[in-house]
Amino acid sequence: MFFDRPDSGELAVLVHLELSHGQAPEDPREFEELVLSAGGDPIALIGGQRAAPHAKYFVGTGKLEELQAVVKEHEAQLVIFNHTLSPSQERNLERALECRVLDRTGLILDIFAQRARTFEGKLQVELAQLRHMSTRLVRGWTHLERQKGGIGLRGPGETQLETDRRLLRGRITAIEKRLSKVRTQRDQGRRSRQRADIPTVSLVGYTNAGKSTLFNRITDADVYVENQLFATLDPTMRRLEVPDVGALILADTVGFISHLPHKLVQAFRATLEEASNSSLLLHVIDAAAEERIHNIDQVDEVLGEIGASELPQLRVFNKIDLLGMEPRIERDDHGKPVAVWLSAQTGEGIELLMEAISGALGREMVAGRLRLKPEQGRLRARLYQQQAVAEEANRDDGTTELQVRMPKADLMRILSAEDLTYDQLDWIDSGRSGRIAC
């Protein structure tokens, strides 16, 4: 740590004020869940109302005295605000309360630091923490006003605070360079998938909506799942075969939350770009949550921040087992799926989700019986590589008949490689071409 501040502990006093102006109020229940997810032990919740935050302490002087009494009574080592504090408010509160003070952004950063498992994830968290810390550096060593003195070394020198800021800026620059390389690697992988015409489907949604449970259910993966906020931090991708679509890449992403700190959106740009470049977004929603509509709005807000609000979106209402509902697909006036109701926990409705993904991606399909000559063995092999062959029959004249079903774009790419045109193919039943009905 670059400066002296009170040590923090697990016993925490929570502060949640209802402000009569400004942004929408935070949810105190979600706030308590965040503290528990961070490993804190909430011992008291101080509430209240104000027209506007106090400039010096955020809370008024009367509420500050109440806080001091509660901290002293419980010997709390940490006070956490469900709001964004300015650096000066945070410092003033620490002096008055004689314990560590943390705001909502710092709390979320702490949870992210615990959850990061990959090298990239740790770098992203550190970058967000350093950017947050850069506004909170204080003069911790007034006795080190100048670094050097004496004959030959006189001069203004550099204060300890200036040294801290220079070191911090250097570390931020180094991390940004490393993450830039990660971003370049992601771009290369994304371009490779685009050249191969492999669509990417990203799971997005409010934290703890069940994205990782759904991801594991669909892909048989072993992504960490826990009933807590931000259980998933590092993105995970798996290849998936979907009927009438073929291969696609399914990506599990970090959960969003109400008023997600902008520092985190910036730091996790490389991760969130995976969602902003997807062919389809699966917006996973906790159907049993009371604040369901609010959570949907918050996710849409973050999607707008990362430039993903215009992408095709399929809403997935999860946890219907808690509501006693039956799985179903909702469609628009044109028959295109817009929402699926399912339970990732029990597996009910997963087959409907696969059907909806096929309809939402809406790829033009080719289906029919194709006759190949003996010299077209390489074309036959390519069709098998695409898993497009359902049946095969060998004829007495040496020809082979294949029952084929595949995206037309994939077939045209294969024909181009074989220097053939679609009209040169020998279709026994004409090779129907058209958009798959849902």
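Which residue of β11 stands opposite Arg315? The residue in that position is Ala339. The structure is a predicted model in which local features need pLDDT of at least 70 and side-chain atom pairs count only at pLDDT 80 or more, whereas totals for chains, interfaces and linings use all residues. Residues are numbered from 1 along each chain as its sequence is written, and side-chain values use heavy atoms, with hydrogens and water left out.

An overview comes first. The chain holds 13 helices and 16 strands; helices (H or I, at least four residues) and strands (E, at least two) are DSSP runs, numbered from the N terminus. Of its 438 residues, 49% count as buried, where buried means under 20% relative accessible area, exposed over 50%, and partly exposed in between (1.4 Å probe, protein chains only). Contact means heavy atoms within 4.5 Å. Among contacts in the chain with a separation of 6 or more, 70% come from residues 24 or more positions apart.

Strands pair if DSSP finds at least two bridges between them. Strand β9 (residues 313–318) pairs with strand β11 (residues 337–341) in the parallel sense, over three bridges. Both are part of an open sheet of seven strands with mixed pairing, in the order β6-β7-β5-β8-β9-β11-β10. Its edges are formed by β6 (236–242) and β10 (328–331), each of which pairs on one side only. On average, neighbouring strands of this sheet are turned by 25 degrees against each other, direction ignored. Axes here are lines fitted to C-alpha atoms, for helices over the stretch in contact, and angles run from 0 to 180 degrees between N-to-C directions.

Two helices meet this sheet. Helix α7 (residues 211–219) lies across β5 (200–205), β6, β7 (246–252), β8 (280–286) and β9, and runs at about 155 degrees to β7. Helix α11 (residues 350–361) packs on the sheet as well, touching β6, β7, β8, β9, β10 and β11, with its direction at about 170 degrees to that of β11. Helix α7 is largely enclosed by the rest of the structure, because eight of its nine residues are buried. These are Lys211, Ser212, Thr213, Leu214, Phe215, Asn216, Ile218 and Thr219. Their cover includes β5, β6, β7, β8 and β9, together with α11. After α7 comes Asp220, with a positive phi near 60 degrees.

Further backbone angles deserve a look. Most residues other than glycine have a negative phi. Phe58, in the loop between β2 (41–50) and α2 (61–74), has a positive phi near 70 degrees. Glu75, in the loop between α2 and β3 (78–81), has a positive phi of about 55 degrees. Are these two residues buried or exposed? Phe58 is buried, with a relative accessible area of 4%, whereas Glu75 is exposed, with a value of 64%.

Helix α2 also packs against helix α3 (residues 87–97), at an angle of about 55 degrees and with the axes 10 Å apart. That makes α2 oblique to α3; angles under 35 degrees count as roughly parallel, over 145 as roughly antiparallel, 65 to 115 as roughly perpendicular and the rest as oblique. The contact residues comprise six nonpolar, one polar and no charged, with Ala, Val, Leu, Ile, Met, Phe, Trp, Tyr, Cys and Pro counted as nonpolar, Asp, Glu, Lys and Arg as charged, and the others, Gly among them, as polar.

Another helix pair is formed by α4 (residues 104–115) and α5 (residues 119–134), whose axes come within 9 Å and cross at roughly 155 degrees. That makes α4 roughly antiparallel to α5, and the crossing is left-handed. Thr105, Gly106, Leu109, Phe112 and Ala113 of α4 meet Val125, Ala128, Gln129 and His132 of α5. This contact divides into five nonpolar, four polar and no charged residues.

Finally, strand β13 (residues 389–394) pairs with strand β14 (residues 400–407) in the antiparallel sense over five bridges. Val389 has Val404 of β14 as its bridge partner. The two strands form a hairpin with five residues between them, and Gly398 in the turn has a positive phi of about 95 degrees.

Terms used:
A crossing is left-handed if the near helix is turned anticlockwise from the far one by less than a right angle, and right-handed if clockwise.
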